[in-house]
Amino acid sequence: MIIQHSILAFLWIFYCIIHSALATASAKLFFEKKTRKYFRYYRLGYSIFATVTLLLLLYYQFSFQSFQLFHSVIIIFLSCFILVIPGLVIMMVAIYKYFNLLSGVRSLYQEKQVAELKVDGVHKYMRHPLYTGTLLFLWGVFFIFPYVNNLIAVLLITLYVLIGIKYEERKLVVEFGDSYRNYQLTVPKLIPRL
């Protein structure tokens with residue numbers, strides 16, 4: 001089992017690195033030069049690739065037995081109401097509102113895509129609601145199914161999100177300039193102000 005868990009950790013790290021590398025400006029520029037007029041489909045292809053590889057990774061993650069770390073009905077109950085449900089709601093709101101933008105589907109019907117800074121809706125309360133919802137949901141699922149394989153996944157995804165936000169914020173400052181800097185000053189990253 002140690003080998004399978006080690007492979008799982010490696011696969012999650014590799015997935016996060018590839019996912020990040022394909023989102024960099026240099027990767028986009030490379031693909032834009034290679035694909036020219038078809039580059040408008042890059043985001044859609046990226047989303048499909050990320051989804052398929054994620055599904056394969058999850059298939060591997062759940063293909064072997066893992067150690068259960070603890071069992072508590074109270075933790076399961078609390079996790080559902082404090083983490084899983086709020087996380088799902090935040091994720092669904094962010095995905096529903098920005099599906100065309102996030103997925104690349106817009107490229108199928110709109111040739112030129114204009115970047116726009118989203119500061120309304122759930123983005124009034126936190127700059128990265130999809131990350132917030134995802135982390136809440138994943139930690140909640142871990143507390144419901146507290147196995148080593150799930151702990152590996154949730155720890156690495158959390159680390160990836162926390163590191164990735166720094167790079168994403170730099171890209172957004174370059175793309176939107178002072179508008180994004182002002183947004184950073186007024187709206188928190190992940191946890192909304194009470």
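Me: What makes a contact between two side chains a salt bridge?

Reply: A salt bridge is a side-chain nitrogen of Lys or Arg within 4 Å of a carboxyl oxygen of Asp or Glu. This is a predicted model, and it holds two salt bridges.

Me: Why is the pair Glu-169 and Arg-127 called a salt bridge?

Reply: Their side chains meet at 2.9 Å, N to O. The cut-off is 4 Å, so the pair counts as a salt bridge. This pair links distant parts of the chain, 42 residues apart. Glu-169 is in helix 6, whereas Arg-127 is in the loop between helix 4 and helix 5. Both Glu-169 and Arg-127 are buried.

Me: How do you know that Asp-178 and Arg-181 form a salt bridge?

Reply: The closest N and O atoms of Asp-178 and Arg-181 are 2.8 Å apart.

Me: Why is Asp-178 called exposed, and why is Arg-181 called partly exposed?

Reply: Exposed means over 50% relative accessible area. Asp-178 has 53%, so it counts as exposed. Arg-181 has 39%, which lies between 20% and 50%, so Arg-181 counts as partly exposed.

Me: What makes His-123 buried?

Reply: Buried means under 20%. His-123 has a relative accessible area of 11%, so it is buried. His-123 is found in the loop between helix 4 and helix 5.

Me: Which residues does His-123 touch, not counting those up to four places away in sequence?

Reply: His-123 touches Tyr-98, Lys-118, Pro-129, Tyr-183 and Val-187.

Key
Residues are numbered from 1 along each chain as its sequence is written. This is a predicted model: local features need pLDDT of at least 70, side-chain atom pairs count only at pLDDT 80 or more; totals for chains, interfaces and linings use all residues. Side-chain values use heavy atoms; hydrogens and water are left out. Helices (H or I, at least four residues) and strands (E, at least two) are DSSP runs, numbered from the N terminus. Buried means under 20% relative accessible area, exposed over 50%, partly exposed in between (1.4 Å probe, protein chains only). Contact means heavy atoms within 4.5 Å.
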